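Try each task before you read its solution.

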Amino acid sequence: MNALIDRRYVKMNGLGNEILVVDLRGSTARVSAEDARALARRPETRFDQLMALHDPRTPGTAAFMRILNADGSEVSACGNGTRCVAALLARDTGAREIALETAAGLLNCVVESGGVTVDMGRPRFGWAEIPLSEEFADTRAIELQIGPIDAPLIHSPSVANVGNPHAIFWVDDLDVVDLSRAGPLLENHPMFPERANISLARVTSREALTLKVWERGAGLTLACGTAACAAAVSAARTRRTGRDVTVTLPGGPLRIVWRDDDHILMTGPATFEHEGRLTAEMFPRAA
Ligand SMILES: N[C@@H](CCC[C@H](N)C(=O)O)C(=O)O
């Protein structure tokens, strides 16, 4: 029998980025890539990212989170999912300050009526840290051979790692490229050995960006918290904006502050949809 059966799930979203929280604390159950793909296909558990909660590994943290994309790939960071988990644990326990842990490190969250703020830690910009498959001294703009989708309007992205890899293409018009077509090619470009999340970003003022994201392992989503962080720090790094910006995604705005101590603070909503228990019918039968 699948050890996930009868575990609690909570369907949430962060600005329309669909999040499924599966609470596995107190058990040794794990979500496999196949389990994740099965749950992602069902209407009641559909998700862009699944946040699996496990018993804490570090004193003072509320849970260790494994994060899976809809294609079953496991990743180390998800901004919208982290806000959702913090809001859920705040609802469950009454705590307002919640520390969570992922493979990428600790995330301190503050849950307030106006939204959830997550300290997303420090960005990394070294070419090997992104990671890229070629050495670049300056990752504010890298040379990318794009081939058939090359156009003067889309070139030389900024790259950043905020727990996961991102490439940000600066454009004047977010519709200049069909991201549903270009996204998969760019996500799987040989420059990105671990694939990458791909954003089109438009600077609208010194304090504002608009963003469209093709997510690694999930495709076009209504919002991506880590992409908003990566775009904000890249915009500040390239002097396009200051360090306190509103990033507006198709699902709505996030406030991103890149503090002087190098930490990125992301603030935005977390929305509850419905909850239930996982059942046997949700998983393919073992042969
Ligand atoms: N939607 C997320 C990012 C999820 C992970 C990403 N697709 C990856 O593979 O790195 C967010 O809100 O940050």
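## Exercise 1: Two annotated residues

Gly 79 is buried, as 30 other C-beta atoms lie within 10 Å. (A residue is buried if 20 or more other C-beta atoms lie within 10 Å of its own, exposed if 12 or fewer, and partly exposed in between; C-beta atoms are placed from the backbone.) Before going on, note that this is a predicted model, in which local features need pLDDT of at least 70 and side-chain atom pairs count only at pLDDT 80 or more, while totals for chains, interfaces and linings use all residues. Residues are numbered from 1 along each chain as its sequence is written.

**Solution.** 
- Step 1: Helices (H or I, at least four residues) and strands (E, at least two) are DSSP runs, numbered from the N terminus.

## Exercise 2: Around the ligand

**Task.** Which residues are closest to the ligand, and which elements give two or more residues to the shell?

**Solution.** 
- Step 1: The ligand is surrounded by 18 residues, the closest being Asn 80, Asn 164, Arg 216, Gly 225 and Thr 226. Here a residue is near a molecule if its C-beta atom, placed from the backbone, lies within 6 Å of it.
- Step 2: Two or more residues come from each of α2 and α4 (225–237).
- Step 3: Domain 1 (8–121 + 270–282) and domain 2 (147–262) each supply at least three shell residues; the domain bounds come from an automatic or database domain assignment.

## Exercise 3: Helix α4

**Task.** Is α4 largely enclosed or open?

**Solution.** 
- Step 1: α4 has 13 residues and spans 18 Å from its first C-alpha to its last, close to the 18 Å expected. The expected span is 1.5 Å times one less than the number of residues.
- Step 2: Because 11 of those 13 residues are buried, α4 is largely enclosed by the rest of the structure. Among them are Gly 225, Thr 226 and Cys 229.
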